[in-house]
Amino acid sequence: MNISTEISDRNIKRRLLKDKIFTYGMISFAFLSSIPLFLILYELILKGYKQININFLFEVAPDTMDAMIAVSNHEIIPGGIANGIVGTLIIVGLASIIAIPLGIICGTYLSENAEDRFAGIVRFIVDMLQGVPSIVLGVIGYIWIVKPVTGGFSALAGSIALSIMMLPSIVRSTEETLKMIPISLKEAALSLGVPYHRVMLKVVIPTGISGILTGVMLGISRIAGETAPLMLTALGSTAIQTNITQPTSAIPLLVWEFYNDPNLVSMIWSASLLLLILILCLNLGAKAIAKKWKVQY
């Protein structure tokens, strides 16, 4: 009896030791994985805060001569990224208008017809689309939209390219969210004589709105920082452009333009910091929406 008890105690201690090693190992790896993020944030804040002021948000990007004079005098570079901010809002807004309804409809169809052969083909295409490089989508946007439709670079072409990139996250989040909703909830509504389309619009989709909106916000966060598709579709503009059929700037495009001018290096850090803050707010918003509107079944 004593021997068996001693063996049992040894096993328990061994398991507790393994548990502690595994726990501390996971904490260590999590800490190590977060170090690059904190280093990036530190670098951006250290080098980017100097240029951020009221003019940075409401004035257009400066030219090379103004920047060179300011740098030689050790002054803050005049101007800002207002044209990029307006362009980003327009392009991302148009992309959302295109992608959100289409993505929710497609995701709803996939969740309601999970075993259908056509649904399987659509799901495969969506999964493949999720892995397509952004530059390829830019080329497709140039071939399909820029040349035959708009006849030139435009915010509309850029938004269509970004909407294609945004679709997979919305489709998959909608499908997976609606799959988790109990079938009894839909059956209860149908048993009351409610038409199928009203059951989907009034019961099923509102019940899963938390997961759907999370996917939408994450999709917007992804496209907000994309540069490659916009280089081939929106091109950029030195002025604030509100006409969606004309070339339009965006914050990622301005970062690329600043990178090519040695006198505007300081603007790179400030624009990147502002873009990072925007994407961070979108991700925090997605988490807040998921937490607030989560439905308990």
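The following exercises, with worked solutions, concern a predicted model.

**Exercise 1.** Determine how helices α12 and α13 are oriented relative to each other.

*Solution.* Two packed helices are described by the angle between their axes and the distance between the axes. Helix α12 covers residues 251-259 and helix α13 covers residues 265-292. Their axes are 9 Å apart and meet at an angle of about 160°. Angles over 145 degrees count as roughly antiparallel, and α12 is therefore roughly antiparallel to α13. The crossing of the two helices is left-handed.

**Exercise 2.** Identify the residues that form the contact between α12 and α13, and classify them.

*Solution.* Helix α12 contributes Ile251, Pro252, Val255, Phe258 and Tyr259. Helix α13 contributes Met267, Ile268, Ala271, Ser272 and Leu275. By class, nine of the contact residues are nonpolar, one is polar and none is charged.

**Exercise 3.** State which residues of α12 are buried and which helices they pack against.

*Solution.* The buried residues are Ile251, Pro252, Leu253, Leu254, Val255 and Phe258. The buried residues of α12 pack against α4 (82-112), α10 (209-224), α11 (228-231) and α13.

**Exercise 4.** Describe the backbone angle phi, the location and the accessibility of His74 and of Leu235.

*Solution.* Most residues other than glycine have a negative phi. His74, however, has a positive phi near 60°. His74 lies in the loop between α3 (64-72) and α4, and its relative accessible area of 77% makes it exposed. Leu235 likewise has a positive phi, of about 70°. Leu235 is located in the loop between α11 and α12 and, at 42% relative accessibility, is partly exposed.

Methods: Residues are numbered from 1 along each chain as its sequence is written. This is a predicted model: local features need pLDDT of at least 70, side-chain atom pairs count only at pLDDT 80 or more; totals for chains, interfaces and linings use all residues. Side-chain values use heavy atoms; hydrogens and water are left out. Axes are lines fitted to C-alpha atoms, for helices over the stretch in contact, and angles run from 0 to 180 degrees between N-to-C directions. Helices (H or I, at least four residues) and strands (E, at least two) are DSSP runs, numbered from the N terminus. Angles under 35 degrees count as roughly parallel, over 145 as roughly antiparallel, 65 to 115 as roughly perpendicular and the rest as oblique. A crossing is left-handed if the near helix is turned anticlockwise from the far one by less than a right angle, and right-handed if clockwise. Contact means heavy atoms within 4.5 Å. Ala, Val, Leu, Ile, Met, Phe, Trp, Tyr, Cys and Pro count as nonpolar, Asp, Glu, Lys and Arg as charged, and the others, Gly among them, as polar. Buried means under 20% relative accessible area, exposed over 50%, partly exposed in between (1.4 Å probe, protein chains only).
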